[in-house]
Amino acid sequence: MKPLIIAIDGPSGAGKGTVARAIAAQLGYRHIDSGAMYRAVGWKAIRDGVSLEDEAAVTALAEGARIDVSSTQVTIDGIDVTRDIRTPDIDRAAAGVARLPRVRRVLVDQQRQMGIHGGIVMEGRDIGTVVFPDADVKLYLDASPEERARRRAHDPAHTGVPAVVADVATLLTQRDEIDRTRAASPLYAAADAVLIDTTGKDIAAVVREVMALVHKKGLGAGG
Ligand code: C5P
């Protein structure tokens, strides 16, 4: 049986990363955080002094970059940027990169390539709508803005230190608004996605809920 493609979309702080990682581990699948790819391109653009307004230049930069995303490490051109891409500056840069349709095309091609044999859990904003519209399981995770800000503020991978929840909430709301209203692949739930509100829910319970869906497909084993 062909291993599945599992697509998980939703705004920041909805719990996508935690859920995707747990599901991938249980199924023995690859876990890909597609947002890390937009972040890595943003990191390289800043390093090289390339303006995010210059779509041709950012596209060339993305085409020339070798991005590797695993569940534990993100590298671009062999440089480990795992920690450096989780800063407020790169939050902004990634959202800027993600507005550019030609850059998206480059990254979406690479993402599709990663899923060619299935056995993958990919999280992002457009995975169920654009990258894998035929994904076997599609999820859209959401949570209240307060809860999302609280989670993001306490995410050590993101800030290194606990941040002030109110500050995080403001930035998160701004970034979500950009993601939802941009012309190129805006964030929305695919018509056939299962919506899960993770507000106040224990993540282990969400993981169980998702595993039940995977098993309902009757194809979840293997990897
Ligand atoms: O998920 P994360 O916050 O790391 O993503 C960083 C940015 O990358 C998001 O704000 C969004 O603009 C963009 N992104 C996207 N499409 C994806 C994943 C992320 O546009 N599939």
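In the predicted model, α2 and helix α5 (residues 101–114) pack at an angle of about 140°, their axes lying 11 Å apart, where axes are lines fitted to C-alpha atoms, for helices over the stretch in contact, and angles run from 0 to 180 degrees between N-to-C directions. This angle makes α2 oblique to α5, given that angles under 35 degrees count as roughly parallel, over 145 as roughly antiparallel, 65 to 115 as roughly perpendicular and the rest as oblique. The crossing of the two helices is right-handed. To the contact (heavy atoms within 4.5 Å), α2 contributes Ser 34, Met 37, Tyr 38 and Val 41, and α5 contributes Val 103, Arg 104, Leu 107, Val 108, Gln 110, Gln 111 and Met 114. These residues divide into 7 nonpolar, 3 polar and 1 charged, where Ala, Val, Leu, Ile, Met, Phe, Trp, Tyr, Cys and Pro count as nonpolar, Asp, Glu, Lys and Arg as charged, and the others, Gly among them, as polar.

Residues are numbered from 1 along each chain as its sequence is written. Local features need pLDDT of at least 70 and side-chain atom pairs count only at pLDDT 80 or more, whereas totals for chains, interfaces and linings use all residues, and side-chain values use heavy atoms, with hydrogens and water left out.

For α7 and α9, the axes are 8 Å apart and the packing angle is about 115°, which makes α7 roughly perpendicular to α9; their crossing is right-handed. Arg 148, Ala 149, Arg 150, Arg 152 and Ala 153 of α7 meet Val 165, Val 168, Ala 169, Leu 172, Arg 175 and Asp 176 of α9, a contact with 6 nonpolar, no polar and 5 charged residues.

The axes of α1 and helix α10 (residues 203–216) come within 10 Å and cross at roughly 50°, so that α1 is oblique to α10. On the α1 side the contact is made by Thr 18, Val 19, Ala 22, Ile 23, Gln 26 and Leu 27, and on the α10 side by Ile 203, Val 206, Val 207, Val 210, Met 211 and Val 214; by class, 10 are nonpolar, 2 are polar and none is charged.

The largest pocket holds about 980 Å³ of space. Of the 41 residues that line this pocket, Asp 33, Arg 86, Glu 123, Arg 152 and Asp 155 are the closest to its centre. Elements that give two or more residues to the lining include α1 (16–27), β2 (30–33), α2 (34–47), α7 (145–153) and α9 (165–181), and the largest share, 5 residues, comes from α2. The lining comprises 10 nonpolar, 15 polar and 16 charged residues. On a 1 Å grid over the protein atoms alone, a pocket is an open set of points where a 1.4 Å probe fits, with protein on both sides within 12 Å along at least five of seven lines, and lining residues have an atom within 4 Å of a point.

Note on methods: Grid points are joined across faces, edges and corners, and a volume is the space filled by probe spheres set on the points. Helices (H or I, at least four residues) and strands (E, at least two) are DSSP runs, numbered from the N terminus. A crossing is left-handed if the near helix is turned anticlockwise from the far one by less than a right angle, and right-handed if clockwise.
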